[in-house]
Amino acid sequence: MSEVILKVKDLRKVYDGKPAVDGINFEVKKGEIFGILGPNGAGKTTTLEMIETMREIDGGSITVDGLDVASQPNEVKATIGVQPQSPAFQDKTRLSEIIELFAAAYGENVDPMEFLNDVKLGEKANAYVEQLSGGQKQRLSIAAALVHSPKLFFMDEPTTGLDPQARRNLWDLTREVRDKGVTVIMTTHYMDEAEILCDRVAVMDNGKIIAIDTPKNLIQQLLKRGFKKEQQVEQANLEDVFIDLTGKALRD
Amino acid sequence: MHHSGFYLLIAVIVLLIFFRRVWPRLRANHPTKPVVHRSIKHKSFYTVQVFSRLNTRRFFRDRLALFFGILFPLIFLFVFGGISGGSKNNNVSFRVAVINESHSAFAQQFSHQLSTSKTFKINKDATTLATAKDKMAKSQVDATIVLPADFGTVKPGQNYPSGEAKVLYSQNSVSAGQTLTTVLEGEFKRVNAKFVSTQQPFTAVGQQLNEKSLTSFDYTFAGLLGFSIVGLGIFGPVNVFPELKKQGILRRLHTTPLKVWQYFTSTMISQAIIGLISLAIMFAVAIAVFHLKVVGNYLEIAIFLVFSIITILGIGLAIGGWAKNERQAAPLANIIVFPMIFLSGTFFPRFLMPEWLQSITYYLPLTPVIDGVRLLVTEGKHLTDIGTQLGLLGIWTVIIYFIAFRVFRWE
């Protein structure tokens, strides 16, 4: 039995009398890549924000690595790393300074090069952040979120707007982070991404979790119910063609 | 005397160039050694130190910020310094034509003395009475001094030279002509005493009581420093914070254990550094170009300015920290800032206001800043003499920061 790092119990959030998160329960185990899926407005982001101490909890409880989120927000903040949906940094700041800044926010003094090399941005250490491409910004953002060696790492739609090469690179990065012993919780609208990357996924709709399991089991359950795709499944898709034609090398 | 201003200006420019051009290259050649300290004793202060260092550095990399922070106040200084006639101060001078028709030694000497006097600007082109009259008609000279042919000659039965100088002036320069006549009479009185020693039982002597009497430029300069502090302290955060919120940068920082006080303190430190540099340049220009006489102690002035920047910055932090976007920030800032700028005596001295208004505006947060600067810089007072101003600033600092901390929003 692996250790539980996140425990969400009866979690509730009410906006204007309407439940945005309606009494959800789930657990995330140490070392997992855990996906939260669902259409817009399902309550994914609200759930994440409550775990990240950014929103008040209206009901229920959240425990991160044994810490109660409602009563120990500062300890929780030091335990988690957060990668926002669209990473932005103050301009006229060098990449190495961004790392320095985020480390300082946690009261730590680190070697920026070590973290920049981890996300293949070592050569750009002295560049200003406004000179980066979208994919590079995502990678810098990941590096910045890991400066304090968090145990739990949140990624909110990390690959939205990236080209296939940058997406693949980000998947590799996510796995590397997990391999260092960091538990990853992510949201995404790309089902192929969830299927490839996530060990387990929770599917949310209308503020409730309607399914939670490994991608494989969820697919099996659907097939057992007699589901059949109308079209015949090809052995390759257009993305495979794209990658085959343009190569896997990162462009930025 | 105003050389010190030039030196100060050059020193600041050299410093600016060093930090913008030379320092980054030195750093690039010698990258900082990776020092890895996992546990730092004073974590909070390390956080503040890094944030304020990077904040300050970012300012000097940003051309737009440099323009608004440093050049913009200077433009105001030139505009308003020029209006208040800072370069002339209280030296009144007359443009005169001197027609010397006498050949006596005394007349020669007297007209020479006139030409070396600061009070008189002799128009050299007007050598005849006709041209002098023409120039008076065109308002090119204020008056004409005529020394008649017998001026300075020794008349029969006297053992001293005598004569009557005529001051001619036109209708449109009556006051200048009359003042000039009085000035000349005064001059002659001194001369007369040398030739005829008559007893003067009753005399009146004018004595200037306060050598450091305030010129209009002194008021203008204190006001402009106040204006500059408002620009840096209020419009800085009011413009920057909503943008940081819009991009989610503050929200991102909020996911870290960074505290509001750490963020405020680092902003304070970097704004104080930037403010001191900007104000030092204003001082240098005011001394070099507008002959500002700084009689106060520079260290005391610097301490007071830092205190002022911190107080006024609180207003910017409160507005920028509260506002969700620039649509909220800009109107609120304008409502608060513009009345304060005018009522605190930034552009015209408060003593010109009706008394009831003076007694109200005395308590505005910017008033003690401007009064304090003037008292320290031009009246040679010490920090211990301006307890009232420091007290007012102290009270405002507590009130403003109490509000700023309460209304701050990360997103």
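User: How is a pair of packed helices described?

Analyst: Two packed helices are described by the angle between their axes and by the distance between those axes. In this predicted model, helix α7 of chain B (residues 216-246) packs against helix α11 of chain B (residues 326-343) at an angle of about 170°, and their axes are 9 Å apart. Because angles over 145 degrees count as roughly antiparallel, α7(B) is roughly antiparallel to α11(B).

User: Which residues of α7(B) and α11(B) meet?

Analyst: From α7(B) come B:Phe227, B:Val230, B:Ile234, B:Phe235, B:Val238 and B:Pro242, which meet B:Glu326, B:Ala329, B:Ala333, B:Val337 and B:Ile341 of α11(B). By class, this contact comprises 10 nonpolar residues, no polar ones and 1 charged.

User: How many residues bring chain A into contact with chain B?

Analyst: The size of an interface is often given as the accessible area lost when the parts come together. Here the description is by residue contacts: 27 residues of chain A are in contact with 28 residues of chain B. On the side of chain A, the elements giving two or more residues are α2 (73-79) and α3 (95-105). The largest share, 6 residues, comes from α3(A). That side of chain A divides into 13 nonpolar, 7 polar and 7 charged residues.

User: What can be said of the fold of chain A?

Analyst: Chain A has 9 helices and 10 strands. Its radius of gyration is 19 Å, close to the 18 Å given by the globule rule for 252 residues, so chain A is as compact as a globular protein of that length. Buried residues make up 40% of the 252 residues in chain A.

Definitions and conventions. Residues are numbered from 1 along each chain as its sequence is written. Chains are lettered from A and ligands numbered from 1 in the order in which they are written. This is a predicted model: local features need pLDDT of at least 70, side-chain atom pairs count only at pLDDT 80 or more; totals for chains, interfaces and linings use all residues. Axes are lines fitted to C-alpha atoms, for helices over the stretch in contact, and angles run from 0 to 180 degrees between N-to-C directions. Helices (H or I, at least four residues) and strands (E, at least two) are DSSP runs, numbered from the N terminus. Angles under 35 degrees count as roughly parallel, over 145 as roughly antiparallel, 65 to 115 as roughly perpendicular and the rest as oblique. Two residues are in contact if their C-beta atoms, placed from the backbone, lie within 7 Å. Ala, Val, Leu, Ile, Met, Phe, Trp, Tyr, Cys and Pro count as nonpolar, Asp, Glu, Lys and Arg as charged, and the others, Gly among them, as polar. The radius of gyration is taken over C-alpha atoms; the globule rule is 2.2 Å times the number of residues to the power 0.38. A residue is buried if 20 or more other C-beta atoms lie within 10 Å of its own, exposed if 12 or fewer, and partly exposed in between; C-beta atoms are placed from the backbone.
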